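Please read it alongside the sequence and the model shown here.

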Amino acid sequence: MASLITPTAATTATQKPLTPLPPRATTTAAVVPGRRNFLSLSAAALFLAPAAAAPPRAAAEADDEYVKETEEVISKVRATITLDKTDPNIAAAVAELRETSNTWVAKYRREKALLGRASFRDMYSALNAVSGHYISFGPTAPIPAKRKQRILEEVETAEKALLRGR
């Protein structure tokens, strides 16, 4: 009977002795491409970093543009949702508001600096409510009183935040 602890002659004959792994290549030829890539990326980052950073004056101009465009959108929202449902120009006003709001959202929703602002958050919420209503019920459907009140409050809050620079 073969013992479980000691190997039999059949198993030792088929096993090969373990050979050590060859040492890792540490020649400079293997290291140079990594260094070369690092150095070229570092150099590119140094040259492109000043071009990518906006000077303070450009940031201030962009902020002024955001404030101006947001105020225009606020006035269009107020004018459109307060129109009488019998007004013959309501469909055109809603179409213009939707185009303006889509342009505003597409322009500013990817700006990381604006995402945390209270004015952006409230304006985005108001535009979402207005657009959702007109998409669901059509351009001539009047906005219910509760929804209209909430939209006007959000627009007012956004306007106050804009005045405070938020």
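## Arg147 in helix H7

Arg147 is found in helix H7; helices here are DSSP runs of H or I with at least four residues, strands are runs of E with at least two, and both are numbered from the N terminus. The model is a predicted one, in which local features need pLDDT of at least 70, side-chain atom pairs count only at pLDDT 80 or more, and totals for chains, interfaces and linings use all residues. Residues are numbered from 1 along each chain as its sequence is written, and side-chain values use heavy atoms, with hydrogens and water left out.

Arg147 counts as partly exposed because its relative accessibility is 29%. On this scale buried means under 20% relative accessible area, exposed means over 50%, and partly exposed lies in between, with a 1.4 Å probe and protein chains only. Leaving aside neighbours within four places in sequence, Arg147 is in contact (heavy atoms within 4.5 Å) with Ala129, His133 and Phe137. Arg147 and Ala129 are 18 residues apart in sequence, and their C-alpha atoms are 8.0 Å apart in space.

## Overall layout

The chain has 7 helices and 0 strands. Read from the N terminus, its elements run α-α-α-α-α-α-α. Of its 166 residues, 23% count as buried. Among contacts between residues at least 6 apart in sequence, 68% join residues at least 24 apart.

## The nonpolar core

In soluble globular proteins, nonpolar side chains tend to be buried together. A nonpolar core is taken here as a set of buried Ala, Val, Leu, Ile, Met, Phe, Trp, Tyr and Cys residues joined through side-chain atoms within 4.5 Å. The largest such core has 24 residues, and Val77, Trp104, Met123 and Ile151 are those with the most contacts inside it. Helices H3 (56-81), H4 (90-108), H6 and H7 (145-163) each supply at least two residues of this core. The most come from H6, which gives 7 residues.

Trp104 is in contact with Tyr66, Glu69, Thr70, Val73, Phe120, Met123, Tyr124 and Leu127, leaving aside its neighbours within four places in sequence. Val155 has its place in helix H7 and is buried, because its relative accessible area is 0%. Not counting residues up to four places away in sequence, Val155 touches Ile74, Val77, Arg78 and Ala126. The C-alpha atoms of Val155 and Leu127 are separated by 9.0 Å, with the two residues 28 apart along the chain.

## H6 against H7

Two packed helices are described by the angle between their axes and the distance between the axes. Axes are lines fitted to C-alpha atoms, for helices over the stretch in contact, and angles run from 0 to 180 degrees between N-to-C directions. H6 and H7 have axes 8 Å apart and pack at an angle of about 155°. H6 is therefore roughly antiparallel to H7; angles under 35 degrees count as roughly parallel, over 145 as roughly antiparallel, 65 to 115 as roughly perpendicular and the rest as oblique.

The residues of H6 that meet H7 include Met123, Ala126, Ala129 and His133, and those on the H7 side include Arg147, Ile151 and Val155. By class, this contact of H6 with H7 has 11 nonpolar, 4 polar and 4 charged residues. Ala, Val, Leu, Ile, Met, Phe, Trp, Tyr, Cys and Pro count as nonpolar, Asp, Glu, Lys and Arg as charged, and the others, Gly among them, as polar.

## H4 against H6

The axes of H4 and H6 cross at roughly 140° and come within 10 Å. That angle is why H4 is oblique to H6. Among the H4 residues in this contact are Val94, Leu97, Arg98 and Trp104, which belong to a set that meets H6 residues including Phe120, Met123, Tyr124 and Leu127. The residues of the contact of H4 with H6 divide into 12 nonpolar, 2 polar and 1 charged.

Lys107 lies in helix H4 and counts as partly exposed because its relative accessibility is 35%. Lys107 touches Glu65 and Glu69, not counting residues up to four places away in sequence. The C-alpha atoms of Lys107 and Tyr66 are separated by 9.5 Å, and these residues are 41 apart along the chain.

Arg117 lies in the loop between helix H5 (112-115) and helix H6 (118-137). Its relative accessibility is 18%, so Arg117 counts as buried. Not counting residues up to four places away in sequence, Arg117 touches Asp63, Tyr66, Gly165 and Arg166.
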